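Visitor: I have a structure open and would like to learn how to read it. Please take me through a few features.

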Amino acid sequence: MSKTSNSLAACLRVYVVDDDPDVRHALELLLKLRGHKVSVFDCAEAFLSELPQDASGCLVTDIRMPGMDGLALQQALAERLPHLPVIVLTAHGDIESARVALKARAIDFLLKPFQEKDLLAAIETGFDRERTRMEEQKRVCADHAMRDALTAREKEVAALLATGAQNLDIAHRLGISPRTVEIHKARCMEKLKARSVADVV
């Protein structure tokens with residue numbers, strides 16, 4: 001596993017929401033034994049009140065709970081952190097609940113008592129999705145940082161290069177010499193870590 005993957009994995013946490021203390025304890029013990037970071041909550045409201053805005057990992061939630069149920073929690077989460085994967089657990093599964101949960105993009109819908117391997121597999125699916133999202137987010141941030149490092153003139157040159165304009169045309173349009181265009185172009189490619197004009201584009 002790469003250093004990047006390791007650092008991303010260190011951020012991932014399993015959030016468990018279930019009103020049954022025995023289930024919470026069992027899940028917390030199981031997941032910690034598997035090396036996962038775990039936070040447990042006895043109701044949806046407590047989870048939402050403590051959920052960090054930058055939370056990453058996945059949510060494992062029961063459906064039938066006092067107050068906000070698991071499906072309502074899934075809906076509320078979609079408004080706050082739509083990227084966080086959700087796994088729905090229930091001892092009272094029915095086709096309609098499963099349909100609603102899966103339509104809301106739940107990773108899985110597991111009936112209690114569920115197989116340990118099925119839950120762990122679902123969590124890993126959620127983590128894989130989160131790693132991909134976080135790697136893409138990191139790449140986009142890096143791209144923005146490189147772009148922001150360009151001077152105003154370098155941005156103008158880069159924008160024209162992206163249209164397919166040649167050095168003489170860029171020089172004419174910006175009122176500078178072709179040699180100056182070459183200098184700006186070289187600096188753009190260096191700052192953007194581009195090996196060719198295609199990379200700049």
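Visitor: Which residue in β3 does valine 17 stand opposite?

Guide: Valine 17 stands opposite threonine 61. Before going on, note that this is a predicted model: local features need pLDDT of at least 70, side-chain atom pairs count only at pLDDT 80 or more, and totals for chains, interfaces and linings use all residues. Residues are numbered from 1 along each chain as its sequence is written, and side-chain values use heavy atoms, with hydrogens and water left out.

Visitor: What counts as a strand or a helix?

Guide: Both are DSSP runs, numbered from the N terminus: helices are H or I with at least four residues, strands are E with at least two. Two strands pair if DSSP finds at least two bridges between them. Here five bridges join β1 to β3, and the two run parallel. Valine 14 of that pairing stands opposite cysteine 58 in β3.

Visitor: How many bridges join β3 to β4?

Guide: Four, and these strands run parallel too. Threonine 61 has valine 88 as its bridge partner in β4.

Visitor: What is the strand order of the sheet?

Guide: The order is β2-β1-β3-β4-β5, in an open sheet of five strands with parallel pairing. β2 and β5 stand at the edges with a single partner strand each, so one side of each has no neighbour in the sheet. The twist averages 20° from one strand to the next. Such angles run from 0 to 180 degrees between N-to-C directions, and the axes are lines fitted to C-alpha atoms, for helices over the stretch in contact.

Visitor: Where do side chains point in a strand?

Guide: In a regular strand they alternate between the two faces of the sheet.

Visitor: Is β3 largely enclosed or open?

Guide: Start with the term: buried means under 20% relative accessible area, exposed over 50%, and partly exposed in between (1.4 Å probe, protein chains only). Six of the six residues of β3 are buried, so the strand is largely enclosed by the rest of the structure.

Visitor: Which strands does α4 touch?

Guide: Contact means heavy atoms within 4.5 Å. α4 packs on the sheet and touches β1, β3 and β4, its direction making about 150° with that of β3. α6 lies across β1, β3, β4 and β5, at about 140° to β3.

Visitor: Now a loop. Where is aspartate 18 found?

Guide: Aspartate 18 is in the loop between β1 and α2. It counts as buried, at 1% relative accessibility. Beyond its neighbours within four places in sequence, its contacts include Arg24, Asp62 and Lys112.

Visitor: What kind of peptide bond joins lysine 112 and proline 113?

Guide: A cis bond, with omega about -10°. Proline 113 is in the loop between β5 and α6.

Visitor: Which residues of α9 are buried?

Guide: Val181, His184, Lys185, Cys188 and Met189. They cover an arc of only 135° around the axis, which puts them on the same side of α9. That arc is taken from the directions from the helix axis to the C-beta atoms. The face turned away from the buried side carries the exposed residues Arg179 and Glu190. What covers the buried residues includes α7, α8 and α10.

Visitor: What comes after α9?

Guide: Lysine 193 follows, and its phi is positive, near 55°, although this residue is not a glycine. Lysine 193 is in the loop between α9 and α10. At 68% relative accessibility, lysine 193 counts as exposed.
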